[in-house]
Amino acid sequence: MLSLFTTGIYGYLDLVLIGWALGLVWLAGRALLKKVPFAQKVRSGLGEEVYLFGNWAAPQREEIGGWLFLVSMALLQFDMFFMNSYVRESGAGWYAFLAPKLEIVYFWLIIVKMVFFTRYSGLQLGAGFCFLFVFRWVFLNNGHFWPVVGMLYFLAAKDIRTRRTLKVCLAVSAASFFAVVFSASMGWIKTIQDIGDIRPRDSFGYGWFNLTGAILLAVCIMYVCWRQVSKLKWFDFALLAAAMVFCDRGPDSRAAAICIALLIVLAALLRFLPGVARPVWVRVVVSAAPAMAFAVSLLGGWLYKADSPVWVKLDILLSNRLSYTSQALVQSSIAIAGQRLTDSGFLVDNFYVNLWIYGGPVESLLFWGVVTVLLWRLLKKGALTESACLVVLLAHAVMETHFAWPCINVVLWLLPCVLYLLPEERTSSFAPKEKQI
């Protein structure tokens with residue numbers, strides 16, 4: 001038991017699974033002890049949402065649970081957007097003291113929230129347990145941090161106040177990002193610069209140019225989710241355009257710059273022509289985006305020909321991602337429960353292919369399946385902002401691997417409606433309370 005507290009993320013995941021396993025036993029015992037017919041016992045155990053280990057102080061526990069998620073996510077974003085920069089070198093003493101303790105705090109907040117401050121029915125808890133168990137199982141084989149941490153946070157987002165959490169985390173993320181960029185610009189912390197063949201690049205205090213772009217894209221996504229496309233004004237578009245220009249001319253992160261441009265286009269389209277997403281066929285086509293991107297990514301890697309001028313030009317346009325993807329797909333086998341391939345040296349920036357190779361078909365198909373259902377539900381609900389932002393992040397996943405980072409992909413905080421098999425009317429959004437269904 002002591003090892004659970006000394007093995008980092010492995011122990012945290014095991015604590016949640018142990019807590020949930022005991023919770024399932026408690027829910028079953030609670031249902032069986034009721035003096036009602038057996039069929040009603042089963043319906044009660046599977047369908048009645050209660051807090052585990054006693055439904056005492058339910059209203060207070062709901063509020064506390066929401067704050068636990070909010071604080072944990074804010075600390076995670078501060079850790080990734082501020083501490084995960086060259087600040088760590090300029091402040092080595094305090095960084096070495098704070099960084100490991102910060103991680104312990106935000107993971108423990110999530111554990112406590114998931115086990116003691118979230119309501120579950122037997123069906124919901126069983127579904128959530130299966131999802132987390134699969135991702136924990138794959139994590140043992142591939143050691144990839146973000147998919148399993150992402151699933152942990154997405155499962156923990158049940159019953160949170162999404163808009164309040166978004167506003168706080170947007171403030172933390174933007175402040176952290178601007179603090180790092182300003183410090184790098186002033187020369188207070190280290191940065192990476194590359195003259196390049198065409199134009200210079202600057203990471204502005206982060207460890208790589210594309211990470212700078214991904215964080216800026218995340219801030220833009222959070223900003224649009226907070227503002228909502230129906231309320232965007234000219235200054236909102238000007239701000240997004242400025243972010244796109246900075247991303248293109250500063251870190252020269254092509255993937256993020258293209259996706260910010262896509263965000264502007266989709267936001268403008270939905271702002272001035274909101275009815276474009278109303279027809280059923282449009283919702284069907286857009287909901288197929290994960291499957292289409294997944295299929296195109298895999299087929300592109302398998303069909304790539306190094307001696308074809310067309311493929312070579314496309315590969316250059318995608319910064320050699322096609323050739324790297326092809327190499328990884330051709331030279332590796334597929335493991336059903338994931339694999340490490342630590343000695344292979346494969347560089348796979350396409351997240352669809354990356355998850356397929358390293359996470360295996362079970363995790364990959366399960367993950368993209370729930371994302372597809374979420375997108376369909378958001379479109380059916382009329383949550384145009386969240387739908388557009390999710391499409392943008394799906395496009396980013398073709399070129400980068402940040403899609404499963406819960407501190408970057410805030411739209412996946414809405415996944416509990418799928419992960420816990422909730423009815424469609426419980427699909428949440430980031431819209432103001434009076435506009436939520």
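This passage looks at a lysine, a pair of helices and a proline in turn. The model is predicted, so local features need pLDDT of at least 70 and side-chain atom pairs count only at pLDDT 80 or more, while totals for chains, interfaces and linings use all residues. Residues are numbered from 1 along each chain as its sequence is written, and side-chain values use heavy atoms, with hydrogens and water left out.

Lys 41 is found in helix 2, residues 38–47 (helices are DSSP runs of H or I, at least four residues, numbered from the N terminus). Lys 41 is buried (under 20% relative accessible area, 1.4 Å probe, protein chains only). Lys 41 has no salt bridge (a side-chain nitrogen of Lys or Arg within 4 Å of a carboxyl oxygen of Asp or Glu), and the nearest side chain of opposite charge, Glu 48, is 12 Å away. Beyond four places in sequence, the contacts of Lys 41 include Ala 31, Leu 33 and Val 36 (heavy atoms within 4.5 Å).

Turning to the helix pair, helix 5 (residues 92–116) packs against helix 7 (residues 145–156) at an angle of about 45 degrees, their axes 9 Å apart (axes are lines fitted to C-alpha atoms over the stretch in contact, with angles from 0 to 180 degrees between N-to-C directions). Among the residues making the contact are Phe 107 and Ile 110 of helix 5 and Val 149 and Leu 152 of helix 7.

Finally, Pro 251 lies in the loop between helix 10 (234–249) and helix 11 (254–272). Pro 251 counts as buried because its relative accessibility is 1%. The C-alpha atoms of Pro 251 and Thr 212 are separated by 6.7 Å, although these residues are 39 residues apart along the chain.

Key. Helices (H or I, at least four residues) and strands (E, at least two) are DSSP runs, numbered from the N terminus. Buried means under 20% relative accessible area, exposed over 50%, partly exposed in between (1.4 Å probe, protein chains only). Lys and Arg count as positive and Asp and Glu as negative; His and the chain ends are not counted.
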